[in-house]
Amino acid sequence: MSLRTPLGKALGLGSAKDGTGHWWSQRVTAAALALLGVWFAFALVGLDGFDYQTVRLWLGAPLNSILLIILVATLFYHSSLGVQVVIEDYAHEDGGKVVALVLAKFIHLFAAVAGIFAVLRISFGA
Amino acid sequence: MASDNRPLSPHLQVYRPQITSVLSILHRITGVVMSFGALLLAYWLLALASGPVAYAGALEVLGSGPVMLILFAFSYCFFYHLCNGLRHLAWDAGWGFELPQVYASGWTVVIASFVLTLLFWVGLLAGGSV
């Protein structure tokens with residue numbers, strides 16, 4: 001048993017100590033996605049018919065591959081940060097909250113890697 | 001600990017919805033919706049990387065009526081989240097905090113999100129994309 005008061009234990013510790021990093025990352029990825037998202041929307045409009053050859057050819061161009069990889073990575077990172085906050089806000093039961101947070105991270109990472117893998121596979125001509 | 005059954009104080013439901021609060025919760029809702037939409041993007045890319053047969057199958061799924069409606073909803077969520085996100089970034093930079101400005105930017109976001117969604121689909125349909 002400690003002789004320190006509960007207040008004494010808590011003083012000076014702050015809350016979680018790393019909120020700024022999360023907040024700033026969300027803003028920077030938001031700025032990036034505003035540009036990448038508009039680029040992608042225009043690209044989709046330009047992909048007449050979405051037929052296999054057209055889309056492969058477009059996606060295989062180096063600049064398009066590069067931007068799309070950055071888009072996928074940034075998108076899922078931004079989404080992961082946002083979903084994390086939503087879970088933290090609404091999930092009140094500790095066990096379920098941790099499971100939901102970890103699961104959300106796993107799904108985001110899997111989807112990001114899958115998307116990037118797909119772009120690379122097309123770009124390298126497989 | 002019997003902390004689970006404590007009475008809760010009145011929360012959001014006691015307040016009249018206002019454009020400020022409605023746009024705020026919409027930002028979160030559209031964000032969550034799009035986190036599911038992003039999975040479709042990964043699915044589309046994977047199908048494209050898996051060859052013509054897999055891609056044709058994916059187009060069949062994505063191009064079916066109900067899924068098209070979902071895609072339309074995703075596109076609206078994207079343009080809303082984009083416009084309102086820019087509004088948030090402006091606030092983060094310290095701009096537009098006066099109440100009349102908040103209302104004006106809010107209604108601008110509402111109108112712009114509908115117009116951009118409409119233009120996007122007109123562009124898709126005109127290009128024969130859909």
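This is a predicted model: local features need pLDDT of at least 70, side-chain atom pairs count only at pLDDT 80 or more; totals for chains, interfaces and linings use all residues.
How much space lies in the second largest pocket? About 220 Å³.

Figure 1. Helix H4 (62-90) and helix H5 (94-123) of chain A, together with H1 of chain B, are the elements that give two or more residues to the lining. H5(A) supplies the largest share, five residues.

**Figure 2. The pocket lining sorted by residue class.** The lining of the second largest pocket has 10 nonpolar residues and two polar ones. No charged residues are found in this lining.

**Figure 3. The interface of chain B and chain A.** On one side 31 residues of chain B are in contact, and on the other 41 residues of chain A. The two chains bury about 2700 Å² between them, and 75% of this area is on carbon and sulfur atoms. Within chain B, the residues that lose the most area to chain A are Arg28(B), Leu45(B) and Leu48(B), which together make up 20% of what that side buries.

**Figure 4. The side of chain B that touches chain A.** Six residue pairs are in polar contact between the chains. Four helices of chain B each give two or more residues to this side: helix H1 (19-49), helix H2 (52-63), helix H3 (65-92) and helix H4 (99-126). H1(B) gives the most, with 13 residues. Divided by class, the residues of this side are 21 nonpolar, eight polar and two charged.

**Figure 5. A salt bridge between Arg27(A) and Asp92(B).** Side chains of opposite charge can pair when their charged atoms come close. Here the closest N and O atoms of Asp92(B) and Arg27(A) are 2.8 Å apart. The pair crosses between chains, with Arg27(A) in helix H2 (residues 19-46) of chain A and Asp92(B) in helix H3 of chain B. How many salt bridges does the structure hold over all chains? The count is two. Across the interface of chain B and chain A, the rule also finds two.

Key: Residues are numbered from 1 along each chain as its sequence is written. Chains are lettered from A and ligands numbered from 1 in the order in which they are written. Side-chain values use heavy atoms; hydrogens and water are left out. Contact means heavy atoms within 4.5 Å. Buried area is the accessible area (1.4 Å probe) that two parts lose on being put together, summed over both. A salt bridge is a side-chain nitrogen of Lys or Arg within 4 Å of a carboxyl oxygen of Asp or Glu. A polar contact is a pair of N or O atoms within 3.5 Å; within protein, one must be able to donate a hydrogen and the other to accept it, and residues adjacent in sequence count only if both atoms are side-chain atoms. Ala, Val, Leu, Ile, Met, Phe, Trp, Tyr, Cys and Pro count as nonpolar, Asp, Glu, Lys and Arg as charged, and the others, Gly among them, as polar. On a 1 Å grid over the protein atoms alone, a cavity is a set of points where a 1.4 Å probe fits but cannot get out, and a pocket is an open set with protein on both sides within 12 Å along at least five of seven lines; lining residues have an atom within 4 Å of a point. Grid points are joined across faces, edges and corners, and a volume is the space filled by probe spheres set on the points.
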